[in-house]
Amino acid sequence: MRLGIVTGGGDCPGLNAVIRAVVHTAQHRYGDGVVGYRHGFRGVVEGDAVPLGVAETDALLATGGTALGTARYHPAEHHGAELRALTTLERDGVGALIVVGGDGTLAAANRLAEAGARVVGVPKTIDNDVPGTDRSVGFDSALTIATEAVDRVRTTAESHDRLMVVEVMGHHTGWLAYGAGIAGGAHAILAPERPFDIAEVAEALRRRHETVSYSIVVVAEGASPLPGTMDLGPRREPNGSIVAGAVGERVRSELAVRTGFESRLVVLGHVQRGGAPTPADRLLASRFGVAAVEAVEEGASGVMTALVGDEVGIVPLAVAATGPRAAPAALVEAAQVLVG
Ligand code: F6P
């Protein structure tokens with residue numbers, strides 16, 4: 001059989017490790033060829049394919065981004081695109097398509113499976129919020145980068161006696177904010193799972209500054225104030241995308257006014273999505289790549305790979321569309337205890 005692979009949605013470290021593992025497994029274990037579609041589902045719809053072999057993909061393991069390119073393109077939003085995607089797969093002799101993506105891309109993959117294609121998904125997102133899997137490819141790398149940033153901000157905050165606000169990604173969930181906030185020892189963590197009261201945050205920081213001269217506040221780009229407590233202002237572009245730094249700057253300026261502390265904002269933005277994957281992401285991506293090909297070869301469709309505990313298995317693709325998967329209450333509670 002010939003396999004196809006496509007990466008869709010925002011990029012993240014570890015995508016290339018998935019591509020490499022898929023090619024290795026298909027070729028070495030099953031003697032199957034692989035083609036890659038470029039720039040997300042647009043490449044499937046438009047038939048933009050490149051042949052992939054072990055020679056082309058072997059050195060990809062430790063590289064960032066995606067060698068296939070990516071796009072936020074969903075066939076369902078373009079007239080006739082799903083049919084054209086099916087036609088491409090048939091024309092290219094592709095018996096099964098492996099789709100690496102976040103919840104939006106995986107929902108599109110599920111629709112393609114329902115339309116008749118054989119499709120297996122692989123979850124990736126630095127936000128770690130795809131339902132059905134304990135981990136998504138890319139999260140560990142972004143968490144490592146964000147935690148290192150908080151560590152670095154600490155020494156300059158301390159030297160200048162400043163309040164530092166660090167904005168991390170996560171428009172629907174706070175996995176990164178809670179993760180980097182706890183691992184980096186932040187003094188307040190604001191994330192979508194728990195709307196914040198800015199007066200309470202300011203008061204807690206004032207109390208802290210009675211004995212310590214600096215603070216670090218980690219805020220997710222999707223954090224929201226309790227209704228009626230603070231006007232956040234516009235934080236979305238007309239096309240719906242998040243304005244980087246919008247929430248971070250509002251939180252910083254409000255805290256500066258309420259506490260009188262000297263303050264600065266650091267927006268990590270796409271730095272969190274760039275560069276080489278961590279060993280944990282290389283490992284997860286490789287395990288998912290192997291499992292995706294095995295699922296395909298066993299005849300599965302409409303499923304995605306998932307990490308549940310220590311085991312990699314498969315779950316229905318439809319689960320991915322039930323998201324986003326919020327950070328668990330116990331993690332949110334732990335964050336509240338630890339920032340005090
Ligand atoms: O969905 C992953 C994510 O990294 C979000 O955390 C972030 O808000 C968004 O992508 C940014 O997307 P873009 O690269 O399109 O600006």
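P324 lies in the loop between β11 (311-316) and α11, where helices (H or I, at least four residues) and strands (E, at least two) are DSSP runs numbered from the N terminus. The structure is a predicted model, in which local features need pLDDT of at least 70, side-chain atom pairs count only at pLDDT 80 or more, and totals for chains, interfaces and linings use all residues. Residues are numbered from 1 along each chain as its sequence is written, and side-chain values use heavy atoms, with hydrogens and water left out.

The peptide bond that joins G323 and P324 is cis, with omega at about 0°. Two further backbone features concern phi. Most residues other than glycine have a negative phi, and most peptide bonds are trans. N128, although not a glycine, has a positive phi of about 60°; N128 is found in the loop between β5 (119-123) and α6. D161, in the loop between α6 and β6, likewise has a positive phi, near 55°. N128 is buried, with a relative accessible area of 0%, whereas D161 is partly exposed at 43%; buried means under 20% relative accessible area, exposed over 50%, and partly exposed in between (1.4 Å probe, protein chains only).

P324 is among the contacts of T173, which also include D127, D129, P192, E193, R325 and A326 when neighbours within four places in sequence are left aside; contact means heavy atoms within 4.5 Å. T173 is found in the loop between β6 (163-168) and α7 (175-184) and is buried, with a relative accessible area of 2%. The side chains of T173 and D129 make a polar contact at 3.3 Å. Such a contact is a pair of N or O atoms within 3.5 Å; within protein, one must be able to donate a hydrogen and the other to accept it, and residues adjacent in sequence count only if both atoms are side-chain atoms.

Helix α7 packs against α6 (residues 139-160) at an angle of about 45°, with the axes 8 Å apart. Axes are lines fitted to C-alpha atoms, for helices over the stretch in contact, and angles run from 0 to 180 degrees between N-to-C directions. Helix α6 is therefore oblique to α7, since angles under 35 degrees count as roughly parallel, over 145 as roughly antiparallel, 65 to 115 as roughly perpendicular and the rest as oblique. The contact is made by F139, A142, L143, A146, T147, V150, D151 and R154 of α6 and by W175, L176, G179, A180, A183 and G184 of α7.

The axes of α7 and α11 (residues 329-338) come within 10 Å and cross at roughly 35°. Here W175, Y178 and I182 of α7 meet L331, V332, A335, Q336 and L338 of α11.

Two other loop residues are buried. P225, in the loop between β8 (215-220) and α9 (246-259), has 13% relative accessibility. The C-alpha atoms of P225 and P195 are separated by 4.9 Å, although the two residues are 30 residues apart along the chain. Leaving aside neighbours within four places in sequence, P225 is in contact with P195, F196, M230 and L232. R273 is placed in the loop between β9 (263-267) and α10 (279-297) and has a relative accessible area of 15%. Not counting residues up to four places away in sequence, R273 touches G10, D11, C12, P13, R72, I126 and M169.
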